[in-house]
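Hi,

Here is the structure I promised to pass on. Have a look at it first, and then read on for what turned up.

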Amino acid sequence: MPEEDLVDIKFRLYDGSDMGPFRYSSTSTVEMLKERIVSEWPRGKTVVPKVGNEIKLISFGKILENNKTVGQCRAPFGELAGGVMVMHVVVQPSLAKPKSDTVTISRTEYDQLLRSSSGGITHHASLSSFSSGIASAVFTGSPYEEED
(Lines give C-alpha, C1' and ligand atoms only; values in the text may rest on other atoms or scores of the structure.)
Protein backbone atom coordinates (compact mmCIF):
# COMPACT_ATOMS: atom_id res chain seq x y z
CA MET A 1 0.00 0.00 0.00
CA PRO A 2 1.46 3.40 -0.94
CA GLU A 3 2.56 5.56 2.00
CA GLU A 4 0.18 8.39 0.98
CA ASP A 5 -2.80 6.05 1.46
CA LEU A 6 -1.99 5.65 5.17
CA VAL A 7 -3.22 8.06 7.82
CA ASP A 8 -2.00 8.34 11.42
CA ILE A 9 -4.85 8.99 13.87
CA LYS A 10 -4.73 9.80 17.57
CA PHE A 11 -7.93 9.56 19.62
CA ARG A 12 -8.46 12.18 22.35
CA LEU A 13 -10.60 10.74 25.16
CA TYR A 14 -13.07 12.56 27.41
CA ASP A 15 -10.50 12.99 30.18
CA GLY A 16 -7.85 14.53 27.92
CA SER A 17 -5.76 11.37 27.56
CA ASP A 18 -4.90 9.94 24.16
CA MET A 19 -5.00 6.58 22.42
CA GLY A 20 -2.55 6.10 19.59
CA PRO A 21 -1.47 7.26 17.17
CA PHE A 22 -2.56 4.32 15.05
CA ARG A 23 -1.99 3.95 11.33
CA TYR A 24 -5.04 3.32 9.13
CA SER A 25 -5.68 2.92 5.44
CA SER A 26 -7.56 5.87 3.96
CA THR A 27 -10.26 3.35 2.99
CA SER A 28 -10.90 2.28 6.61
CA THR A 29 -14.37 3.26 7.80
CA VAL A 30 -15.30 5.22 10.91
CA GLU A 31 -17.08 2.09 12.13
CA MET A 32 -13.77 0.18 11.97
CA LEU A 33 -12.10 2.91 14.03
CA LYS A 34 -14.83 2.69 16.67
CA GLU A 35 -14.42 -1.10 16.89
CA ARG A 36 -10.71 -0.68 17.55
CA ILE A 37 -11.34 1.99 20.17
CA VAL A 38 -13.72 -0.34 22.03
CA SER A 39 -11.30 -3.29 21.84
CA GLU A 40 -8.29 -1.24 23.02
CA TRP A 41 -10.06 1.03 25.54
CA PRO A 42 -7.66 1.86 28.40
CA ARG A 43 -8.26 0.19 31.74
CA GLY A 44 -9.23 2.26 34.74
CA LYS A 45 -11.51 4.73 32.97
CA THR A 46 -14.79 5.55 34.67
CA VAL A 47 -16.75 5.49 31.41
CA VAL A 48 -16.24 2.42 29.21
CA PRO A 49 -17.98 1.89 25.86
CA LYS A 50 -19.30 -1.63 25.34
CA VAL A 51 -19.99 -1.32 21.60
CA GLY A 52 -19.02 1.03 18.79
CA ASN A 53 -22.49 2.59 18.67
CA GLU A 54 -21.84 4.12 22.09
CA ILE A 55 -19.01 6.18 20.59
CA LYS A 56 -19.19 9.42 18.63
CA LEU A 57 -16.04 10.47 16.78
CA ILE A 58 -15.57 14.17 16.14
CA SER A 59 -13.08 15.52 13.65
CA PHE A 60 -12.74 19.15 12.61
CA GLY A 61 -15.97 19.99 14.45
CA LYS A 62 -18.08 17.35 12.73
CA ILE A 63 -19.57 14.12 14.09
CA LEU A 64 -18.38 11.40 11.75
CA GLU A 65 -20.81 8.93 10.22
CA ASN A 66 -20.02 5.20 10.46
CA ASN A 67 -19.98 4.68 6.69
CA LYS A 68 -17.46 7.47 5.98
CA THR A 69 -13.87 6.51 5.24
CA VAL A 70 -10.78 7.95 6.89
CA GLY A 71 -9.91 9.54 3.54
CA GLN A 72 -13.24 11.38 3.55
CA CYS A 73 -12.59 12.67 7.09
CA ARG A 74 -9.30 14.43 6.33
CA ALA A 75 -8.83 18.12 6.90
CA PRO A 76 -10.75 20.15 4.35
CA PHE A 77 -7.85 22.63 4.09
CA GLY A 78 -4.96 20.27 3.37
CA GLU A 79 -2.52 18.08 5.23
CA LEU A 80 -1.79 18.57 8.92
CA ALA A 81 1.57 19.52 10.33
CA GLY A 82 3.14 16.43 11.85
CA GLY A 83 0.85 14.19 9.86
CA VAL A 84 -1.27 12.99 12.80
CA MET A 85 -5.02 13.50 12.67
CA VAL A 86 -6.73 13.96 16.06
CA MET A 87 -10.27 12.69 16.57
CA HIS A 88 -12.20 13.41 19.72
CA VAL A 89 -14.01 10.48 21.33
CA VAL A 90 -17.35 11.04 23.06
CA VAL A 91 -18.87 8.07 24.88
CA GLN A 92 -22.64 7.93 25.20
CA PRO A 93 -23.53 4.69 26.97
CA SER A 94 -26.82 3.15 25.92
CA LEU A 95 -29.53 3.87 28.43
CA ALA A 96 -31.39 0.85 29.69
CA LYS A 97 -34.99 1.03 28.61
CA PRO A 98 -37.30 1.53 31.56
CA LYS A 99 -39.33 -1.52 32.32
CA SER A 100 -43.10 -1.20 32.24
CA ASP A 101 -45.75 -3.69 33.09
CA THR A 102 -47.29 -4.30 29.67
CA VAL A 103 -49.85 -7.03 29.21
CA THR A 104 -51.94 -8.11 26.26
CA ILE A 105 -55.61 -8.64 27.03
CA SER A 106 -58.80 -9.06 25.06
CA ARG A 107 -61.17 -6.14 24.51
CA THR A 108 -63.68 -7.80 26.85
CA GLU A 109 -61.08 -8.11 29.61
CA TYR A 110 -60.06 -4.48 29.07
CA ASP A 111 -63.67 -3.29 29.32
CA GLN A 112 -64.14 -5.33 32.50
CA LEU A 113 -60.98 -3.84 33.93
CA LEU A 114 -62.15 -0.30 33.25
CA ARG A 115 -65.55 -0.96 34.84
CA SER A 116 -63.96 -2.52 37.88
CA SER A 117 -63.54 -0.28 40.86
CA SER A 118 -61.98 -2.90 43.09
CA GLY A 119 -58.30 -2.63 43.93
CA GLY A 120 -58.08 1.01 42.77
CA ILE A 121 -56.61 -0.06 39.42
CA THR A 122 -59.06 1.77 37.15
CA HIS A 123 -57.17 5.05 37.00
CA HIS A 124 -53.84 3.27 36.50
CA ALA A 125 -54.73 1.50 33.25
CA SER A 126 -54.34 3.11 29.86
CA LEU A 127 -55.03 1.56 26.51
CA SER A 128 -52.00 1.95 24.26
CA SER A 129 -53.25 0.03 21.22
CA PHE A 130 -56.26 -1.92 20.10
CA SER A 131 -56.73 -4.03 17.03
CA SER A 132 -58.56 -7.25 16.20
CA GLY A 133 -60.00 -7.56 19.68
CA ILE A 134 -56.58 -7.48 21.39
CA ALA A 135 -55.58 -4.60 23.61
CA SER A 136 -52.20 -3.73 25.02
CA ALA A 137 -52.52 -1.98 28.35
CA VAL A 138 -49.78 -0.34 30.39
CA PHE A 139 -50.22 -0.25 34.15
CA THR A 140 -48.34 2.24 36.25
CA GLY A 141 -48.16 2.45 40.00
CA SER A 142 -49.31 -0.22 42.37
CA PRO A 143 -52.71 -1.89 41.88
CA TYR A 144 -53.12 -1.54 45.64
CA GLU A 145 -52.94 2.25 45.74
CA GLU A 146 -56.10 4.03 46.80
CA GLU A 147 -57.77 6.40 44.37
CA ASP A 148 -57.70 10.07 45.37
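Phe60 sits in the loop between β3 (55-59) and β4 (62-63); strands here are DSSP runs of E with at least two residues, helices are runs of H or I with at least four, and both are numbered from the N terminus. Its phi is near 55°, a positive value in a residue other than glycine. Phe60 counts as partly exposed because its relative accessibility is 36% (buried is under 20% relative accessible area, exposed over 50%, partly exposed in between, with a 1.4 Å probe and protein chains only).

A word on the source: this is a predicted model, where local features need pLDDT of at least 70 and side-chain atom pairs count only at pLDDT 80 or more, while totals for chains, interfaces and linings use all residues. Residues are numbered from 1 along each chain as its sequence is written, and side-chain values use heavy atoms, with hydrogens and water left out.

Now to strand β5 (residues 84-91). Its covered face has Met85, Met87, Val89 and Val91, and its uncovered one Val84, Val86, His88 and Val90. β5 pairs with strand β1 (residues 6-12) in the parallel sense over 5 bridges (strands pair if DSSP finds at least two bridges between them), and Phe11 stands opposite Met87 in β5. With β3, the pairing of β5 is antiparallel, over 4 bridges; there, Lys56 stands opposite Val90.

Rings of Phe, Tyr and Trp (its six-membered ring) pair if their centres lie within 6.5 Å; planes under 30 degrees apart count as stacked, over 60 as edge-to-face and the rest as tilted. Phe11 and Phe22 make a tilted pair, 6.2 Å centre to centre with 40° between the planes. Phe11 is in strand β1 and Phe22 in strand β2, so this pair ties together parts that are 11 residues apart in sequence. Both Phe11 and Phe22 are buried. Tyr14 and Trp41 are stacked, because their ring centres are 6.4 Å apart and their planes at 15°. Tyr14 lies in the loop between β1 and β2, and Trp41 in the loop between α1 (30-39) and β3, so that pair ties together parts 27 residues apart in sequence. Tyr14 is partly exposed at 38% relative accessibility, whereas Trp41 is buried, with a relative accessible area of 10%. Ring pairs also link Phe11, Phe22 and Tyr24 into a cluster.

One last thing to look up is in strand β2 (residues 18-25), where Pro21 lies: the peptide bond from Gly20 to Pro21 is cis, with omega near 15°.

Cheers
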